[in-house]
Amino acid sequence: MSLSDFVLRPNDEVVTESRGTDFLFTPLGGCVDTRWYPERDPITLTIVSGSEFGKFAIGDGPAIHTTVTLLVSELPTVRFIPSGRLGTYPVRIEARCLSLVNYWEIEVRYCSILLGETKYFYAVEGGGGETRPWMKIYEATSPELPSGAQTDGVWTVVRRSGVEPNRGKRLGAYWEQEKPIPNGTGTLPLGMMRVVGRYWHPDSIYMVDVIATKRVWWKGSQGTIGYRVPIEVKKPDVLGDPDLTDQARHSVVKDVTNSDLDLDALLIKYAGENGIPPQIIKGQIEKETSLKSAWRYEPFKDLEWQRESYRKYFASDLPFNVREGVPNDLPPSYTNVSPTPYVRSLVKIGDFAVQHWFDRYVQRGTGAEPDVILGSKELTRIWFWVFLNTSLAMGQSGIPVGIPEMKRYTHDFVKGRILDGTFEGFGRIAQTRKVTSYGYVQMLYITAVDFSWRETEGRYGTIGRAYVDKRDVTQYPEKLNEQDFLFPRYSDFTLFDLRLAITEATRGKKIKANDKYSTSLVETIPEGNWPTGFDQVWTRAMQWHNLGEAGYGQDVMLKANNYLPAYKE
């Protein structure tokens, strides 16, 4: 018997899963492979064309080979693994053994997308006349529609069915059409589909089918042509430029105890569980804390709450109040906090505000534009009134004083009135533990006390119960600087802001800040095609984190572009 009595073929001619396909020897003419000498006969498999769409893997090794040589008996250890790029042409494989050469083609209909990554797809149709009409889907390198792409037909994205118990229960990818182009102008052209990886979890497989269909006439009959591409959401290795070091990319940072923290892995975990793009979380962290473990006392909120809600937050029977005779038992191991160590002694609200006036609480205006006292509209109005009258007085007197001098005088005046007791309440003891924002994303302890679990389906806490029990001495304010305590609460809070933003986009009307908890919101966050588009909705959701700073959401989204998901080569 000769080798010509056998044919080599792939187990799957169309690859639609990330596990790829292995290869089989099929005996012909009644021969059986037990009459072969597999331990002595080498076979070489070579990817002749299409290696950009996949490569060979041997055993549990990486898919890096375009040519492999092994014994016939070892053939079952070889698999063709798709690269994750949508195959636009069949992959042609050569099998060479002794004098025999065979060829086989594999069509790759599998595409992977990273969590948070955007990909664009378009469809092309052909056939007609004597040739049956057909359609195929291709991946585009930009949101520009190539020539020859169809502009009609119907696109859908559905959850890929499967019997595996670990198949993801949610639609793993967001999709949209004819929405604003990210970081560009105009909208996606008709016929272009944008897909964004939205969910990923190590214990689940999130796959969707992108489907294009069209009704056509052929030989006097009407029918439907279509094409289906499965897309699997994969875990990124890093968030940011993979060519940078982990430290330069801020993939690894120091946590509150000065230990190394894999920040990217942490963000990918919570982003994948909750459908939040990980690069947006990292962009917000850069915006809030420059990617450091941090705390920020809010003196003007402290002043407001001590005036109006003293018993709610600072009653004598509640823990963590800062006052004379009560030990300030801050966690001793929390040594790595910025911009300064925790305050471990009594200080007055006014003294703290003045001490950190310019480095924390003043936003400088350009030239003659007024400065802003962050967190206090009242002091900002007073500052502007003093600045304006100082300018008028200086002008009438003929004294040549420049803008910087007038601003300096105005700040000195306002700070002086804070310290001399002119402005009521600044002499009270600062509640530097409770009225403080903590962690990489700066969640305010009072917010954690007031807000309750509602969006994360009980994954982290009981629906309707507060993020933090203000009477529980184990849930101390500084615990929000612990990432595994902070990020579940941040995720729930962010999804609520996303619901607010989608409600506004759906109804075409902004919700007033005071009405955010009383307004009836959309019950379900759509799986795709949000009214104003993916990026605009997320920009508004980020703005809800800080309504007091104009352009906050846009700034977060711009910073997110520095941390796009990537594989680390």
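This is a predicted model: local features need pLDDT of at least 70, side-chain atom pairs count only at pLDDT 80 or more; totals for chains, interfaces and linings use all residues.
Trainee: Why is the contact between Arg228 and Asp209 called a salt bridge?

Mentor: The side chains of Arg228 and Asp209 come to 2.9 Å, N to O, and because the rule asks for a Lys or Arg side-chain nitrogen within 4 Å of a carboxyl oxygen of Asp or Glu, the pair qualifies. Arg228 belongs to strand E17 (residues 221–234) and Asp209 to strand E16 (residues 207–218), so the pair ties together parts that are 19 residues apart in sequence.

Trainee: What makes the pair Lys287 and Asp555 a link between distant parts of the chain?

Mentor: The closest N and O atoms of Lys287 and Asp555 are 2.8 Å apart, in a salt bridge, while the two residues are 268 residues apart, Lys287 in helix H2 (residues 278–289) and Asp555 in helix H12 (residues 552–560). Lys287 is partly exposed, with a relative accessible area of 22%, and Asp555 is partly exposed as well, with 24%.

Trainee: How do you know that strand E4 pairs with strand E6?

Mentor: Five bridges join E4 (residues 42–49) to E6 (residues 67–71), the two running antiparallel, and because at least two bridges are needed, the strands count as paired. Leu45, for instance, has Val68 in E6 as its bridge partner. E4 also pairs in the antiparallel sense with strand E8 (residues 91–97), over five bridges, and there the bridge partner of Ile47 is Ile93.

Trainee: Why are E12 and E14 said to stand at the edges of their sheet?

Mentor: The sheet is open, with four strands in the order E12-E11-E15-E14 and antiparallel pairing. Strand E12 (131–140) and strand E14 (173–176) each have a single partner strand, so one side of each is left without a neighbour in the sheet. From one strand to the next the twist averages 25 degrees. Eight bridges join strand E11 (residues 118–128) to E12, and Phe121 stands opposite Glu139 in E12.

Trainee: What makes the buried residues of helix H8 line one face?

Mentor: The buried residues of H8 are Met406, Lys407, Thr410, His411, Val414, Lys415 and Ile418. Viewed down the helix axis, they fall within an arc of 165 degrees, so they line one face of H8. In general, an α-helix has 3.6 residues a turn, so residues three or four places apart point the same way. H8 (residues 403–419) has 17 residues and reaches 24 Å from its first C-alpha to its last, close to the 24 Å expected. After H8 comes Gly421, with a positive phi near 90 degrees.

Technical notes
Residues are numbered from 1 along each chain as its sequence is written. Side-chain values use heavy atoms; hydrogens and water are left out. Buried means under 20% relative accessible area, exposed over 50%, partly exposed in between (1.4 Å probe, protein chains only). Axes are lines fitted to C-alpha atoms, for helices over the stretch in contact, and angles run from 0 to 180 degrees between N-to-C directions. The expected span of a helix is 1.5 Å times one less than its number of residues. The arc is that of the directions from the helix axis to the C-beta atoms.
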